[in-house]
Amino acid sequence: MSYKTTTSPAPLDQAFDIIRRAGPAKAREGIRVLVARDVDIAEGARLIVEPRPGLSVGVFRIDGSLRAIKNVCPHNGAPLCRGTLHASHEPGETREFHPGLVGRVLRCPWHGWEFDVVTGKALYDAKSRVATYPVEVDDGSVYVVL
Ligand code: FES
């Protein structure tokens, strides 16, 4: 009996590669909306804001930077930004634990799907993502750029 070997990366490796290569959030309309004061969002904390009627966005401070992600889970529409923040396990040798994406994995409060707050990418499916928005801080005021 022979076993086939493969050199293609495992799905988990591919998912982390895609997350690492993702660029910064892009503005769609270029509209800057004041949502908070900089001092209102401590490290590891979040604010859920409504930059326009019907659009809910979570603004998180992660590693000193402010990140904004749409507050809707693509699975069933849960308020994603009410979920908990975690790390993930990066691929590694058997029996080794490599924490990755520390403090930026947002777990949906309804069924547990996970997303990277920085890129919006899903951890379970490299093709799935949640919209992210640039955040600007100007003279102590926080703006989400739509
Ligand atoms: S609604 Fe988010 S995982 Fe189901």
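What share of the contacts in the protein chain with a separation of 6 or more comes from residues 24 or more positions apart? The share is 48%, where contact means heavy atoms within 4.5 Å.

**Figure 1. Overall fold of the predicted model.** The structure is a predicted model, in which local features need pLDDT of at least 70, side-chain atom pairs count only at pLDDT 80 or more, and totals for chains, interfaces and linings use all residues. Residues are numbered from 1 along each chain as its sequence is written, and side-chain values use heavy atoms, with hydrogens and water left out. The protein chain holds one helix and ten strands, in the order α-β-β-β-β-β-β-β-β-β-β; helices (H or I, at least four residues) and strands (E, at least two) are DSSP runs numbered from the N terminus. Its C-alpha atoms fill a box of roughly 65 × 30 × 25 Å along the principal axes.

**Figure 2. The largest nonpolar core.** A nonpolar core is a set of buried Ala, Val, Leu, Ile, Met, Phe, Trp, Tyr and Cys residues joined through side-chain atoms within 4.5 Å; buried means under 20% relative accessible area (1.4 Å probe, protein chains only). Of the 14 residues in this core, V35, V57, V59, A68, Y133, V144 and L146 touch the most other members. Two or more residues each come from β1 (32-37), β3 (55-62), β4 (65-70) and β10 (141-145).

**Figure 3. Surroundings of V57.** Apart from neighbours within four places in sequence, V57 contacts L47, I48, V49, P51, A68, I69, K70, N71 and Y133.

**Figure 4. The second core.** A separate core of 13 residues includes A78, C81, V117 and V130. Across the protein chain, buried residues make up 36% of the 146 residues.

How values were computed
Buried means under 20% relative accessible area, exposed over 50%, partly exposed in between (1.4 Å probe, protein chains only).
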